[in-house]
Amino acid sequence: MKNRSTNIKHSSLPPNLVKENENGIRIKVYIQGHMIGAGKMELFHLVHQKGSVRAAANFMGMSAKRAKLLLNTIEEAFPTPILKKMGNKGTEITSF
């Protein structure tokens with residue numbers, strides 16, 4: 001199999017999907033009309049690591065209310081729940 005170039009040219013992607021900043025290129029993913037970007041995915045990953053929405057929100061410097069709002073927008077994109085609340089013991093990621 002031939003080697004494929006990993007360099008992505010700006011002209012090959014729609015301009016609203018690519019933003020350059022000091023960290024490089026950031027790509028947004030759209031799932032059933034819902035935008036999931038790097039920030040939401042980082043929050044989702046932190047919920048998995050830390051075991052709670054509140055701890056993940058504190059780590060990112062945002063309120064728990066804002067974090068729950070962002071996570072709800074991710075959940076709306078999928079037909080099955082992706083987060084499971086464990087009562088007063090935190091939140092975990094479902095097998096989905």
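Predicted model: local features only at pLDDT ≥ 70, side-chain atom pairs only at ≥ 80, totals over all residues.

Student: Good to know. Where is Thr91 found, and does it count as buried or exposed?

Tutor: Thr91 is found in strand E6, residues 91-93. Thr91 counts as buried because its relative accessibility is 11%. The cut-offs are under 20% relative accessible area for buried, over 50% for exposed, and partly exposed in between, with a 1.4 Å probe and protein chains only.

Student: What comes after E6? Where is Thr94, say?

Tutor: Thr94 has its place in the segment after E6. Thr94 is partly exposed, because its relative accessible area is 22%. Not counting residues up to four places away in sequence, Thr94 touches Pro81, Ile82, Leu83 and Lys84. Thr94 and Ile82 are twelve residues apart in sequence, and their C-alpha atoms are 5.1 Å apart in space.

Student: And Ser95, buried or exposed?

Tutor: Ser95 counts as exposed, because its relative accessibility is 84%. Ser95 also lies in the segment after E6. From Ser95 to Leu83, twelve residues away in sequence, the C-alpha to C-alpha distance is 9.1 Å.

Student: Let me zoom out. How many helices and strands does the chain have?

Tutor: The secondary structure comes to three helices and six strands. Along the sequence the pattern reads β-β-β-β-α-α-α-β-β. Helices (H or I, at least four residues) and strands (E, at least two) are DSSP runs, numbered from the N terminus.

Student: What about the chain's surface?

Tutor: The accessible surface comes to about 7500 Å², and 54% of that belongs to carbon and sulfur atoms. Those areas come from the Shrake-Rupley method with a 1.4 Å probe, and for residues only the protein chains shown count as cover. Of the chain's 96 residues, 24% count as buried.

Student: Now the helices. How do H1 and H2 pack?

Tutor: H1 and H2 pack at an angle of about 125 degrees, and their axes are 8 Å apart. That makes H1 oblique to H2. On the H1 side, the contact includes Gly39, Leu43 and Val47, while the H2 side includes Val53, Ala57 and Phe59. H1 passes H2 in a right-handed crossing. A crossing is right-handed if the near helix is turned clockwise from the far one by less than a right angle, and left-handed if anticlockwise.

Student: How are the axes and angles defined?

Tutor: Axes are lines fitted to C-alpha atoms, for helices over the stretch in contact, and angles run from 0 to 180 degrees between N-to-C directions. Under 35 degrees counts as roughly parallel, over 145 as roughly antiparallel, 65 to 115 as roughly perpendicular and the rest as oblique.

Student: Then at what angle do H2 and H3 cross?

Tutor: Roughly 110 degrees, with the axes of H2 and H3 coming within 8 Å. That makes H2 roughly perpendicular to H3. The contact is made by Val53, Arg54 and Ala57 of H2 and Ala64, Ala67, Lys68 and Leu71 of H3.

Student: And H1 with H3?

Tutor: The axes of H1 and H3 come within 10 Å and cross at roughly 105 degrees. H1 and H3 are therefore roughly perpendicular to each other. Lys40, Leu43, Phe44 and Val47 of H1 meet Ala67, Leu70, Leu71, Thr73 and Ile74 of H3.

Student: One last topic: how many residues are in the largest nonpolar core?

Tutor: The largest nonpolar core has 16 residues, and those with the most contacts inside it are Leu43, Phe44, Val47, Ala67, Leu71, Ile74 and Leu83. The elements giving two or more residues to this core are H1 (38-50), H2 (53-60) and H3 (64-75). Such a core is a set of buried Ala, Val, Leu, Ile, Met, Phe, Trp, Tyr and Cys residues joined through side-chain atoms within 4.5 Å.

Student: What is Ala67 in contact with, leaving aside its neighbours within four places in sequence?

Tutor: Ala67 is in contact with Leu43, Val53, Ala57 and Met62.

How values were computed. Residues numbered from 1 in each chain as written. Heavy atoms only, no water. Contact = heavy atoms within 4.5 Å.
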